[in-house]
Amino acid sequence: MSGQNTTTAIRTRGVTRDFSAGQNTITVLHGIDLEVQSGELTYLVGESGSGKTTLISIMCGILWPTQGEVEVFGTDIYALSDTELVNFRLQNIGFIFQQYNLIPSIDAASNAAVPLIAQGMDRKHARERGVAMLEKLNIADQADKLPNQLSGGQQQRVAIARALVHEPRLVVCDEPTAALDAKSGRRVMDLLREVGVAEDRSVIIVTHDNRIFDLADRILVLEDGRITHDGTDMPEDH
Amino acid sequence: MLWIAIRMLTGDRQKFYGLLFGIAFSTLLITQQLTIFVNLLERGASGVYNVSSADVWVMDPVSRTSDVAYAMPSTALDQVRGVAGVEWAVPHIRGQASVRTKDGDLEGVAIIGVDDATLIGLPKGMIEGSTDVLSQPDSVIIDDVGAARMFPGASPMGERLELNDQRAVVRGIADAIPSFTSTVVLYTKYSQALRYVPGTRNRLSFVLVGAADGISAKELTERIEKQTGLKAETRDEFAQGGVNFIIENTGIPLNFGITVLLGFIVGVAIVGLTFSLFIRDNIKQFGALKAIGVTNGKIAQMVAIQAGMVGMIGYGLGVLGTVGFISAFSNNPTFKGFYIPWQIPLISFAAMVLIITLTGWVALRGVMKTEPAAVFR
């Protein structure tokens, strides 16, 4: 744990998710109960098809559970209306996608500022905040460049800046180091910890990159839609 | 977010220009073809438009247009003059003749005989010479398009023609709206025209009438018809009759209609395909925006602004292209007097809006169907 005064960032109760496959129904998550505290860097680890992407999608309010409840910082997010939920995500959650999904035709600073622009902040001030965030991530000198003029690691940092620029309370990352070499991967994780993890903020990372397992505060292992391990280290059989 | 939408659109230059080209080409095709169509149709009424002073045209009941007329006995003129409310009435003859040029070529021409005393029936403007020249023996005035056609690169002034074995001398060039078939038109006095046009018992094609003060042209036509048994139409009605005749008796509406439809289909195809590709290429970005917290309404606005921007610029380019085309060919006799009626840009604007709405809606469906959770897959 990196903080002392922690609060519950995420609480799930009996979260189940079914998917239809033709006439069959496949249950991907089986009644997940978990709590994630603020100030934690939590890894969600599992094989492909274990349900980790489904779980993180449900936890950040972009995929409805078939059953169960999800509270994010005390708010039952699936009790909110569609508009309220979208707004909740905009105010409280930062996203880092595996493929970054930066907008190719706007520069790095503007990409970093997207959540602020979406919140209605004027472009000039939003961009200034974007540059400030890029500065924290040591790539302010790349602020005017388009994504295709940046290396993979630099694009990753812009994506991190975009996830943090609006100071969300929950940051979710999908395989943040998958496209990076070991050294760059660790540097990105260090940055995420340094800039992202705070007393009142929680960072959840979906990964299967065993090169960075030692950097986690907590590791949740998911197998066949069930949490089979919850600890500070990976179990020995993984 | 709208700024981001515009940058997304203009950032992908190939597709942006492809979309502009699609809309501009479609607008150009629709606007230009409709313009040519309408102007050609209006030439069906050129015979009426060239005689601006006549309020009412009187003719045999079977006559249909200024070019499709059945001759009346000369007594018709007196009958019409006897109707109350007729300020003036003059004879007007329109006939066909063959002209032999000094090179020996044979050309079919239209002979228009105007009132000897008042010269009512002549076009309003003259390009060369004056209307007074008709008082000289064997004088004819040629229309400008006919002059260019019959005497390419040379002045027709003073040229002698052989009209049905009669001598004619060109002494003036009239600024006239060409006929639908762009036939060479020779204007002369009524008495002279009777010599040029092969003789039948009845030769009077029309009686041109001016309405007295206090009576409308429409009311006068009713009086004339009732009193003389002849057919009388106001200037506007007769002009419309000429247009209708072309619509009913030629394949022009169908041909132009097909081209306009093709313009629309090409627009839908090019714009639809390019816009779909553009949206598909950006679907991950749209998905990411949805996950981050941009509402569907905002996303719809983004797609709408992209479609609207492409539509407006492309439409502007297409209309400018049409204006350029019409201006560039304004000196060509084929396109003489062509203009773009204000309704046509409105029609092509409506077509463009339809194309953009259709293609934008299809593209938007793709974005709306994208679940935010897809960005994690």
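Reply: Happy to! Helix 11 of chain B crosses helix 12 of chain B in a right-handed manner; a crossing is right-handed if the near helix is turned clockwise from the far one by less than a right angle, and left-handed if anticlockwise. Please keep in mind that this is a predicted model, in which local features need pLDDT of at least 70 and side-chain atom pairs count only at pLDDT 80 or more, while totals for chains, interfaces and linings use all residues. Residues are numbered from 1 along each chain as its sequence is written, and chains are lettered from A and ligands numbered from 1 in the order in which they are written.

Helix 11 of chain B covers residues 296-328 and helix 12 of chain B covers residues 343-369. Helices here are DSSP runs of H or I with at least four residues, strands are runs of E with at least two, and both are numbered from the N terminus. The two axes lie 9 Å apart, at an angle of about 150°; axes are lines fitted to C-alpha atoms, for helices over the stretch in contact, and angles run from 0 to 180 degrees between N-to-C directions. Helix 11 and helix 12 of chain B are therefore roughly antiparallel, a label for angles over 145 degrees, with under 35 counting as roughly parallel, 65 to 115 as roughly perpendicular and the rest as oblique.

Which residues of helix 11 of chain B meet helix 12 of chain B? From helix 11 they include N296(B), I299(B), A300(B), V303(B), G308(B), G311(B) and G318(B). Among the partners in helix 12 are P345(B), F349(B), M352(B), I356(B), G360(B) and L364(B). Contact means that two C-beta atoms, placed from the backbone, lie within 7 Å. By class, this helix-helix contact has 16 nonpolar, six polar and no charged residues. Ala, Val, Leu, Ile, Met, Phe, Trp, Tyr, Cys and Pro count as nonpolar, Asp, Glu, Lys and Arg as charged, and the others, Gly among them, as polar.

An unreviewed entry lists residues 259-372 of chain B as "domain: ABC3 transporter permease C-terminal"; UniProt positions follow the numbering used here, feature names are shortened, and annotations may be inferred rather than shown by experiment. That span is 82% helix and 0% strand, with its end C-alpha atoms 43 Å apart. The unreviewed entry also places "transmembrane region" at residues 16-41, 256-279, 299-330 and 342-364 of chain B. Residues 342-364 of chain B are 96% helix and 0% strand, and their end C-alpha atoms are 32 Å apart. For residues 256-279 of chain B, the values are 100% helix, 0% strand and 34 Å between the end C-alpha atoms.

Now for the partner chain. The contact between the chains draws on 24 residues of chain A and 21 of chain B. On the side of chain A that touches chain B, helix 1 (52-59), helix 2 (82-92) and helix 4 (114-119) each supply at least two residues. Helix 2 of chain A gives the largest share, five residues. By class, that side of chain A divides into 14 nonpolar, seven polar and three charged residues.

Helix 2 of chain A also holds N92(A). N92(A) has 21 other C-beta atoms within 10 Å and is buried; the cut-off for buried is 20 or more other C-beta atoms within 10 Å, exposed is 12 or fewer, partly exposed lies in between, and C-beta atoms are placed from the backbone. Leaving out residues up to four places away in sequence, N92(A) touches V72(A), F73(A), P168(A), R169(A) and L170(A). Of these, R169(A) is 77 residues from N92(A) in sequence, yet their C-alpha atoms are 5.2 Å apart.

E167(A) sits in the loop between helix 6 and strand 7 (170-174) of chain A. E167(A) has a positive phi of about 50° although it is not a glycine, and it counts as partly exposed, with 15 C-beta neighbours inside 10 Å. N101(A), in the loop between strand 6 (93-96) and helix 3 (108-112) of chain A, also has a positive phi of about 50° without being a glycine. With 24 C-beta neighbours inside 10 Å, N101(A) is buried.
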